[in-house]
Amino acid sequence: MNDKTGGEKTVKKRLLLLLICMLFLLSGYTAEAAKNEEKTTYLFAMDTTMTIRVFGGDDALMQSLQKRVNEIENQVSVTREYSDIYRLNHEGNVAAGPDTETILNRALNICEETEGALDVSIYPVVREWGFTTGEYRVPSPEKLEELLASVDYKKVEPSEDGYHIPDGMAVDLGSVTKGYTGDVLAGMIRSAGVKSAIMDLGGNIHTVGKKQNGAFWRVAFRSPEGTGLVVVLEVADEAVITSGGYERFFEDEDGNVWWHIIDPKTGYPAKNGVISMTIVGKEGIRCDALSTALFVMGPEKAAEFWRTHGDFEMIMITEEGELFITPSLNKRFTPDAMMPYHVTVLS
Ligand code: ADP
Ligand code: MG
């Protein structure tokens, strides 16, 4: 009896040991599997669709990324009545939150650096053209002149506890906020110890590290004409941000095409020869700001800006069918065989 019980005990002990071993192995195995697992979050924010693909993060990280996007949007939205920017535009003063402050300061620097090709106070003009609502119209020259009188980023001033703008002025950070958001999310992903992630924030691509197999991310994009042709770029730990005339536009009764990137000097959509401007670099907010600003500048000034600054790479497609690319990006660039553009490497 005792023996039998003793024997049973031993068997049970062994089984238990085996079970513990298996659980241990299994948990080791699942932990290893989870490390490499892809988690994807899709969301609609900042008036666009976003996809965040993280390799080796957990659900808590994914939730915190999504929460952070909403937090940024709530601070800088031009339409949400409680946002810093809404209050600045309606009250002339605001004690801005940390994201608004960072974005606005960085954007104002680049407005200065690009001599007003980027101007965060262009909003009333953008609205007059109907780009904020989709009710498009060509404003009268008089109306544009009147609105341009209050476009001047230099008048956005620090006040005692925040910012101040004059009556009639309105600020919009839409040209840089997605780029900033990419930087913030990439930082959170890195801090969580994740080595590999790729995000598409409304067409802006942000990458963390390389692919899990150690290869570069291959970022493909379509031609401005939407003919389906692709160009592939190899990137790692960078943002790839494009401003294109083809993204949001309308055609008037006379067949003129007008798009959503405005030349702050004229109040008209920027038609200085560029149809697509892609900036590649480490800092998303700078890439986003420069994609808009260099689009406005036109090919010669944009190339000159790159020569004097050089802290970013670019691909610029002109109305004449030329594609200009910076030398080191050219080494990571594979054009489709059918690509219609004549390629010139900048120097
Ligand atoms: P998107 O936001 O469509 O990806 P951009 O980053 O180029 O493209 O930003 C364009 C938006 O920025 C426009 O919709 C408009 O609200 C605003 N904008 C247009 N022209 C300018 C400009 N010269 N400076 C600053 N903001 C601009
Ligand atoms: Mg931009």
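Helices and strands are runs assigned by DSSP, helices having at least four residues and strands at least two, and they are numbered from the N terminus. In those terms, Asp237 lies in the loop between strands β9 (230–235) and β10 (239–244). The model described in this report is predicted.

**Overall composition**

The protein chain contains 10 helices and 17 strands. Of its 347 residues, 49% are buried. Among the contacts in the chain with a separation of 6 or more, 56% are accounted for by residues 24 or more positions apart.

| Helix pair | Angle between axes | Distance between axes |
|---|---|---|
| α7 (residues 177–191) and α8 (residues 284–297) | about 165° | 7 Å |
| α2 (residues 59–76) and α7 | about 150° | 10 Å |
| α2 and α4 (residues 98–113) | about 70° | 8 Å |

Helices α7 and α8 pack at about 165°. An angle over 145 degrees counts as roughly antiparallel, and α7 and α8 are therefore roughly antiparallel to each other. The crossing in which α7 passes α8 is right-handed. On the side of α7, the contact is formed by Thr177, Lys178, Gly179, Tyr180 and Asp183, and on the side of α8 by Gly284, Ile285 and Asp288. Sorted by class, the residues of this contact comprise two nonpolar, three polar and three charged.

Helix α7 also packs against α2, at an angle of about 150°. The same cut-off applies, and α2 and α7 are therefore roughly antiparallel to each other. Here too the crossing is right-handed, with α2 passing α7. Helix α2 contributes Leu61, Ser64, Leu65, Arg68, Val69, Ile72 and Val76 to the contact, while α7 contributes Thr177, Tyr180, Thr181, Val184, Leu185, Met188 and Ile189. The contact of α2 with α7 has 10 nonpolar residues, three polar residues and one charged residue.

Helix α2 has a further partner in α4, and the angle between these two is about 70°. Angles from 65 to 115 degrees count as roughly perpendicular, which makes α2 roughly perpendicular to α4. In this contact, Arg68, Glu71, Ile72, Gln75 and Val76 of α2 meet Pro98, Asp99, Thr100 and Ile103 of α4. These residues divide into four nonpolar, two polar and three charged.

**The magnesium site**

Which protein atoms are the donors of the magnesium ion (ligand 2)? They are Ser175 (O), Asp288 (O), Asp288 (OD) and Thr292 (OG1), at 2.3 to 2.7 Å from the ion. Along the chain, the donors follow the spacing S-x112-D-x3-T. Ser175 belongs to the loop between β5 (162–164) and α7, whereas Thr292 belongs to helix α8, so this pair ties together parts that are 117 residues apart in sequence. Thr292 has a relative accessibility of 14% and therefore counts as buried, since the cut-off for a buried residue is under 20%. Asp288, one of the donors, is also one of the α8 residues in the contact with α7.

**Two buried residues**

Asn204 lies in strand β7 (residues 204–208). Its relative accessible area is 3%, so Asn204 is buried. When neighbours within four places in sequence are left aside, Asn204 is in contact with Lys178, Gly179, Met199, Val240, Ile241 and Asp288. Among these partners, Lys178, Gly179 and Asp288 also take part in the contact between α7 and α8.

Glu73 has its place in helix α2. With a relative accessible area of 12%, Glu73 is likewise buried. Apart from neighbours within four places in sequence, Glu73 is in contact with Ala45, Met46, Asp47 and Arg80.

**Two loop residues with positive phi**

Asp47, one of the contacts of Glu73, is found in the loop between β1 (38–45) and β2 (48–55). Its phi is near 65°, a positive value in a residue other than glycine. Is Asp47 buried or exposed? Its relative accessible area is 65%, so Asp47 is exposed.

Asp237, in the loop between β9 and β10, also has a positive phi, near 55°, and is likewise a residue other than glycine. At 28% relative accessibility, Asp237 counts as partly exposed.

Key
Residues numbered from 1 in each chain as written. Chains lettered and ligands numbered in written order. Predicted model: local features only at pLDDT ≥ 70, side-chain atom pairs only at ≥ 80, totals over all residues. Heavy atoms only, no water. Axes fitted to C-alpha atoms, helices over the stretch in contact; angles between N-to-C directions. Parallel < 35°, antiparallel > 145°, perpendicular 65-115°, else oblique. Left-handed = near helix turned anticlockwise from the far one by under 90°. Contact = heavy atoms within 4.5 Å. Nonpolar A, V, L, I, M, F, W, Y, C, P; charged D, E, K, R; others polar. Donors = N, O, S within 2.8 Å, 3.2 Å for Na, K, Ca; no water. Buried < 20%, exposed > 50% of the residue type's maximum accessible area, 1.4 Å probe, protein only.
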